[in-house]
Protein chains: 2
Amino acid sequence: MGIKLNLKSPAVFIGKQGNGVISFGSGQPDLPPPREAVEDIDIRRDLRYGLIQGCLPLRISLAEEYPASSAENFVITNGASEALDLIFRVMDNGKVLLPRPYYYSYPPILKYAGMEPVYMDLKQGRIDVDDFRKKIKECKAILINSPSNPTGRVEAIDTLKEIEEVTEKLGIYVVSDEVYKDIIYERENYIIKGDHVITVNSFSKTYAMCGVRVGYLWSPDQEFVNKAIEMKTHTSMNTNLVGQDMALRAMKSPKSYVEQQLEIWKKRRNLIYQGLKDIGLDLWKPEGAFYVLPKVPSPEKFVGKLYTDYNVIVYLGSWFGAPNRVRLSYALDEEEIKEGLNRIKDCLSKI
Amino acid sequence: MGIKLNLKSPAVFIGKQGNGVISFGSGQPDLPPPREAVEDIDIRRDLRYGLIQGCLPLRISLAEEYPASSAENFVITNGASEALDLIFRVMDNGKVLLPRPYYYSYPPILKYAGMEPVYMDLKQGRIDVDDFRKKIKECKAILINSPSNPTGRVEAIDTLKEIEEVTEKLGIYVVSDEVYKDIIYERENYIIKGDHVITVNSFSKTYAMCGVRVGYLWSPDQEFVNKAIEMKTHTSMNTNLVGQDMALRAMKSPKSYVEQQLEIWKKRRNLIYQGLKDIGLDLWKPEGAFYVLPKVPSPEKFVGKLYTDYNVIVYLGSWFGAPNRVRLSYALDEEEIKEGLNRIKDCLSKI
């Protein structure tokens, strides 16, 4: 159809769903949240200012998930985004070691905070430990994201332990973005330990409530946590209370909710991974989250043609620091994934 | 009782209500929100990511309140706090002219954004136009707050027009924090005009929903608005959707809601103003918002003794750049205000 797309950012695809469009674009679960999260919420109770740090019952409940921690170690935030923003603004300046490909908001978040990324190219979608050892010394922090958006990869526990050891010795912060911690296909989540660890998490992906915007940061470094609270006091005050209420209720849903979701994600993962391999694309096997990042020829041309001629949305890898790849989110039902794969195959044959 | 208080910030009084304490501290309405705001909200509709700029129906509804504007001119934020934070982060550097006494979050917000305040001392609680003319030239922006927290004063329309004219000529931003625009006792609100005006507002005070955290910024400078949206895309994403839904419904409540609230505020204003004058305190007459800022002898001693010996909370003026004063919020019913005034009188007689 020859429509010229402005492929500067994912914003180009906003509102472009429906009408037979198959979207592998946006990274949000299509599955429903647990029943408990949306039932019996009395919004009249949630109208007055709350604690900046977050509602105490929610923080107490979270503390049970983190070894040797208390409610004091948490700050409830407007999604993981605000948690990351606060963390790097508290750090204020310096370099941050950043694996590439990366989640597309990381470089701007660092820039807005006055920090500078030092890139570390992934090897087979995972951290290259030698490269990490070489570059970490000049940095104030490392930002890791396992399972990763956009690679779908999960770091080896040995790598995480190596990061623990080196950063602990050097007194360097480890910022661990674990918003996909409950969607790992290969093993249990491993919680990084250390005096300078700051974990970022969210209720968005695990409980399918992205629009509610509730996330949190956790750290045993109480001085750091207190600085984040002080900043949030002025920059946004308490996180919306209805959302915190929903988050607390979601946590009380049966474990089977998360387990059943994981089964669905795994089936889809198998389907899209095999499908893209059968088409002949070169890609890493996703081990967590719900993304694949295959190599494609002429990515810009492919993304443009796929949308204008085939009604299929995929994201350009260059938005994530992966210029010869595209990102597909598989938050779609199996029939849509199959139909999308057919169209992708057809489109690729024309490029 | 001799308890030593740490009077570094208002945080000292968090959770210190109940048990017969009369709190003139926190600045949030004690009145209920309009019925419409909390009825028939279906939170299941509000679970997926929304537009970063804010829900379109809410922005369309707001555009009707601002002359010659459209939904594009607004960004819905996590309260007025996030709006202010985004605005100054977009500006990035430079000086901001700031009337003193000021809302206590202004100096940290400017500092976090890398900006520097240039103070302008108020005269009888209002902007000194000569001082404004002298200091504005070296600044990138002026931040005004009329009606003001903590002074309760409202700027004269002539002053606002003078600010319009001078800033328009020099191309300087006017950031107008109007969260108390619906609580003015003396006249209608005056909306500042100009190509470089950025207005900040909130649903917290007008509709008594502080904890919900919904505010917004408005500007005819579309490029500035777009930069704020781009930043929010990475730093917090969409504002919580349940809150936006509540805000839209609140706007549809009958005008009589706001009018009736205003009558209540006015009665309380008269009561506390006369009461403090009768005690012999020197203070400005509040013309809007719900604060008074009287001079008191030995403010630290007074605030400490008043709390420990009389169970009454008032805030230290020095938190607001007014070291010889204290701030009282009169978001309390008349009986409590009367009892509080009695205790204040008693306490003052002992200092």
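Is Ala208(B) buried or exposed, judged by its C-beta neighbours inside 10 Å? Ala208(B) counts as buried, with 23 C-beta neighbours inside 10 Å; a residue is buried if 20 or more other C-beta atoms lie within 10 Å of its own, exposed if 12 or fewer, and partly exposed in between, with C-beta atoms placed from the backbone. This is a predicted model, in which local features need pLDDT of at least 70, side-chain atom pairs count only at pLDDT 80 or more, and totals for chains, interfaces and linings use all residues. Residues are numbered from 1 along each chain as its sequence is written, while chains are lettered from A and ligands numbered from 1 in the order in which they are written.

**Relation of the two chains**

**Contact between chains A and B**

- Chain A contributes 38 residues to the contact and chain B contributes 38 residues, where two residues are in contact if their C-beta atoms, placed from the backbone, lie within 7 Å.
- On the side of chain A that touches chain B, at least two residues each come from helix H3 (79–91), helix H4 (106–112), helix H7 (222–235) and H8 of chain A; helices (H or I, at least four residues) and strands (E, at least two) are DSSP runs, numbered from the N terminus.
- H3(A) provides the largest share of that side, five residues.
- By class, the side of chain A that touches chain B holds 17 nonpolar, 14 polar and seven charged residues; Ala, Val, Leu, Ile, Met, Phe, Trp, Tyr, Cys and Pro count as nonpolar, Asp, Glu, Lys and Arg as charged, and the others, Gly among them, as polar.

**Helix H8 of chain A**

- Helix H8 (residues 241–251) of chain A is mostly covered, with 10 of its 11 residues buried.
- Among the buried residues of H8(A) are Leu241(A), Asp245(A), Met246(A) and Arg249(A).
- The buried residues of H8(A) pack against helix H1 (35–38), helix H2 (56–63) and strand S2 (74–77) of chain A, and also against helix H8 (241–251) of chain B.

**Domains of chain A**

- Chain A is assigned domain 1 (10–27 + 256–349) and domain 2 (38–251), with bounds that come from an automatic or database domain assignment.
- The C-alpha centres of these two domains of chain A are 26 Å apart.
- Their contact draws 21 residues from domain 1 of chain A and 22 residues from domain 2 of chain A.
- Helix H9 (255–279) and strand S9 (291–292) of chain A are the elements that give two or more residues to the domain 1 side, and H9(A) gives the most, with five residues.
- The domain 1 side of this contact divides into 13 nonpolar, four polar and four charged residues.

**Sheet and strand pairing in chain B**

- Seven strands of chain B form an open sheet with mixed pairing, in the order S2-S8-S7-S6-S5-S3-S4; two strands pair if DSSP finds at least two bridges between them.
- Strand S2 (74–77) and strand S4 (115–121) of chain B are the edge strands, each pairing on one side only.
- Strand S5 (residues 141–144) and strand S6 (residues 173–177) of chain B are parallel and share four bridges; Leu143(B) has Val175(B) as its bridge partner in S6(B).
- From strand S12 (residues 326–329) of chain B, Val326(B) and Leu328(B) point one way and Arg327(B) and Ser329(B) the other way, and all are buried.
- S12(B) runs antiparallel to strand S9 (residues 291–292) of chain B, joined by two bridges, and Val292(B) has Leu328(B) as its bridge partner.
- S12(B) is also antiparallel to strand S11 (residues 315–316) of chain B, again through two bridges, with Tyr315(B) opposite Arg327(B).

**Backbone features in loops**

- Ala208(B), not a glycine, has a positive phi of about 55 degrees and is found in the loop between strand S7 (197–202) and strand S8 (215–218) of chain B.
- Asp92(B), also not a glycine, has a positive phi of about 80 degrees; Asp92(B) is exposed, with 12 other C-beta atoms within 10 Å.
- Arg100(A) and Pro101(A) are joined by a cis peptide bond with omega of about 0 degrees.
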